[in-house]
Structures are given as structure tokens and as C-alpha cells.
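Subject: Structure handover and notes

Dear colleague,

Please find below the structure that I promised to pass on, followed by my notes on it. I have kept the notes in the order in which I would read them with the model open.

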Amino acid sequence: MTVRTRFAPSPTGYLHVGGARTALFNWLFARRHGGTFVLRVEDTDEARNTEEARQAIFDGMGWLGLQWDEGPQVGGNYGPYFQSERKGVYDAWFDKLCAGGRVYEDAGAWRFRFERKPVTMNDLVCGEVTIDYRDESNTPDMVIRRSDGSYVFHFVNVVDDLEMAITHVIRGEDHLMNTPKHLQLIEAFGGVAPQYAHIPLILNPDGSKMSKRDAGAAVSDYPRQGFLSAAVVNFIALLGWSSKSAEEIFSLDQLAERFSLEAVNRAPARFDLEKCRWVNQQHLAQLSGPAFAQLAAPFVQQAGLPLPENFEAIATAVKDKVRLLSEVPEATAFLLLDKIEFEAEVVAKVRANAATAGLLDPLALAFAGIGEWSGHAAKAALQEVAGAAGVKPGQLMFPLRAALSGRAHGPDLGDILDLLGSARAISRVRDFAKLLAS
């Protein structure tokens, strides 16, 4: 059997992280089993569906790297892949139910007549679930066609899965109770049901259900905030799935090699944006210096900062210090600009140790005497100045960092000295000494 999975979003807004995870799990399962991943757009709600929202789905999935094998923009043998273009298909299947006596009219709408029996499904994640249809008061016959002639979700969803030969339906747990209804429809059609796997809901850190308004919900926000698509995919995969190892950082290909429905958790997943930032930091750290600089450059330009010839070296110096590409402008500004601001708490900390603060002028003089400038040579000069003053070199390193960067933390001090060059380094040390004396 060739595995065929599908993602069937409704274009009523942006691509939600929950939808993205559903798409990802279907994509991973299809890739793991050498199958086909289908994108099908459920756009029958004309009042809410928009072209902009439709494009947001395509753009979001493209950014995540979840290319579909069949569907819009790609084609395939089971189209059309927009439900709005499939009314003729639905009419034909509706006629089958009419011929079998399984529907009846009720106030202009049409209801599907359930068989009054227990229906058991064996879900690949949730296990065995039974709904008893013998009590009609709890399970009234289902409307499948509205009085205006349009079809409801349950009907078109089942028809499309049968028409498109879907073998596995991987979707959110909120659809679990819909599945017995779908099984009754499939049985009435004389079709073969796909296997179902209902994945856990995504909750906010406080345990509430994640909505479209919550932070981190919109996939389109991630690239603007400086996340890598590979990191977001990695993080989303961990929402409800575990590799059953201590590893947490994976590429998309590695996820496809390891993914299984058996490893999907039954319990709801907790969304943690801080964890997502950490995952992003791990992926940034794996980039080469040139690749990181290329990705960071647009963020630096958007911040109105210059891109000097040595930007690649500057970006590489902060690569392990940032979690997001959007943090690069702030992290590199002191290396890109001639004039810098000194953080008040940093100035106060250096002033509190008058002995080392008083060594900045001698340090600037020692720097001026360096023949061939380098971070290594500058550090050697610092050691000489400290030794002559009877203090440990480490005591002078914080005042020097403060003078060069205006802040308490940042890249390696040797890298800063290399990147600034002698003229800027000497000027900043002297300016900082004057500031401390004022």
C-alpha cells in the first residue's frame, strides 16, 4: 500500500502553528514511508475565505519546507484540490446516499441516517474509541447538506479522503469525536476507511488552549522575528512527539528518518516560546560564518546600520551570543558604528574600582605603541600595563570591554580588539577614561 496523507486547511486567516504541526506530521509520515503528501484547500466558506489567507498558507508551508506532492500549484491525478471547485463531485456522492436510502429531507436540509449501533475506531495515537449510536437523543442524525445546497464539513471531508485515496488521516484531537460519524458515512458509501491518528492539542504554558491571538500562533511572524525555518520545524515537531532519546535538535531530513506515530504523545503539548528561541539558537550555532552573516545582513540593514567589508567577521563574532537573527543589530551595533553609548550600570561598575579605572589612559598609550595591531598584541599590552600597576590582568579586562563596547557582555575581547582596529580601540579607551573622570 502506498501511503497517502493530506493537509486540508481552511483559508480563513494565517497559517496557525497548530495547523503547521498537523501539516508537518503528515509530511513526515509520508516521507518516512516513501508516500505522497497532498495539500487540499477547504475553501467552501465563501464569506470567510480570502485569497490573501490562501496565499498565507502556501507561503507558510513553503517557508517551513513542507512542499506538497499533489495539490494547488502542483497538480495531480485527484484534483481539483480546492473544495470550491468540487461541487459536481459532491453531488454525485450525495446521489449515492439518496439511492441507498441513507438521507432524508428535514426543513429544507438533508440529514444522513445513522445506523443505530456502536461504532468502534482504533486510533493510531488514542487507541480504541467507541461511540454508541443506539441512543438517538445523544447522536441525532447528521445534517450533510444545508438548505442552500451547500455541503457540511463532515460530508465533503469524507468524500475527498475517499476520492483522493488517502490512507492515513493525521489531524488534531479535537476531531476525534467526528471520526465515528465519518466511519458511518464511509460504510454507507461502501468505501475503505483510512487509518486515523489524532494528535494532542497544543496548550499555552498556563494550560489554556492556544488560540490565533496568542504569542507564537502565527507562522508568518517567525521569519520577521529572526527565526530559522529549520528551527521552527524542529520545535513544532517536539510539540507532541519525542525521538525517545536525549536529542532535541534535528534537521527536517533527520525528523523524517525518525518520525513515527508510535512516538506521538497522548497528553496535550505545552507551547513554550522560550524553548523555541533556544532551539533556534542551537540551529544558528550550526551555521557557518558566511551563511550566518548572509541571513543576518537584512536585519542589520533594516535597523539602519551599515554593512562594512568585514561584516562577515563581525557577524561571526556574535553568532553564538544571539538566539534570533533580529538580535544581531543590537549585538553588533558597537562594532558597526563609530560612536557608542555606554550603559549606565557598566559605567557605575567601572567607577566603583578607581584603581583599574585609572589604568585606562596608560592602556591607551600602550595600545598606541603596538607596531602591528591584533587582538593578541593588544592583550599582551594589557598584561604589561596590569603587571606594571601590580594588578591582575583579569581586573583590567572588564574596564576595557566596557570602554570598547559600552556594555558588560558580548563577543570575545580579542575578537572585539581585532574587529575595531587600533584607531577605534584607542579612541574609545581614551573617551571612556574622560567619561569616568568627568
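At what angle do helix 13 and helix 17 pack, and how far apart are their axes? Before the answer, a word on conventions: this is a predicted model, in which local features need pLDDT of at least 70 and side-chain atom pairs count only at pLDDT 80 or more, while totals for chains, interfaces and linings use all residues. Residues are numbered from 1 along each chain as its sequence is written, and side-chain values use heavy atoms, with hydrogens and water left out.

**Helix packing**

Helix 13 (residues 344–351) and helix 17 (residues 393–405) pack at an angle of about 145 degrees, and their axes lie 10 Å apart. Here the axes are lines fitted to C-alpha atoms, for helices over the stretch in contact, and angles run from 0 to 180 degrees between N-to-C directions; helices (H or I, at least four residues) and strands (E, at least two) are DSSP runs, numbered from the N terminus. The crossing of helix 13 past helix 17 is left-handed, a term used if the near helix is turned anticlockwise from the far one by less than a right angle. On the helix 13 side the contact (heavy atoms within 4.5 Å) is made by Val 346, Lys 349 and Val 350, and on the helix 17 side by Phe 398, Pro 399 and Ala 402.

**Nonpolar cores**

The largest nonpolar core has 85 residues, of which Met 61, Ile 144, Phe 155, Phe 189, Trp 241 and Phe 271 touch the most other members. Such a core is a set of buried Ala, Val, Leu, Ile, Met, Phe, Trp, Tyr and Cys residues joined through side-chain atoms within 4.5 Å, where buried means under 20% relative accessible area, exposed over 50%, and partly exposed in between (1.4 Å probe, protein chains only). Helix 1 (residues 17–32) gives the most to this core, with 9 residues. Another core, of 59 residues, lies apart from it and includes Leu 336, Val 350, Ile 416 and Phe 432.

Leaving aside neighbours within four places in sequence, Trp 241 is in contact with several residues, among them Phe 25, Phe 250, Arg 258 and Asn 265. Cys 276, whose place is in helix 9 (residues 273–285), counts as buried at 0% relative accessibility, and, with the neighbours within four places again left aside, Cys 276 is in contact with Tyr 222, Phe 227 and Phe 235.

An open sheet of 3 strands has the order 3-4-7 with antiparallel pairing, two strands being counted as paired if DSSP finds at least two bridges between them. Strand 3 (103–106) and strand 7 (142–145) stand at the edges with a single partner strand each, so one side of each is left without a neighbour in the sheet. The twist averages 45 degrees from one strand to the next. Strand 3 is joined to strand 4 (residues 109–112) by 4 bridges, and Asp 106 stands opposite Ala 109 in strand 4.

Strand 8 (168–172) pairs with strand 9 (residues 195–199) in the parallel sense over 5 bridges, and His 168 has Gln 195 in strand 9 as its bridge partner. Strand 8 is mostly covered, with 5 of its 5 residues buried.

**Loops and backbone geometry**

Most residues other than glycine have a negative phi, and most peptide bonds are trans, so the following places may be of interest when you check the backbone. A cis peptide bond, with omega about 0 degrees, joins Gly 79 and Pro 80, and Pro 80 is found in the loop between helix 2 (51–64) and helix 3 (87–99). Glu 70 is found in the loop between helix 2 and helix 3 and counts as buried at 10% relative accessibility.

Ala 165 has a positive phi of about 55 degrees although it is not a glycine, and at a relative accessible area of 31% Ala 165 is partly exposed. Lys 244, in the loop between helix 7 (229–237) and helix 8 (252–258), has a positive phi of about 65 degrees and is exposed, with a relative accessible area of 61%.

With best regards
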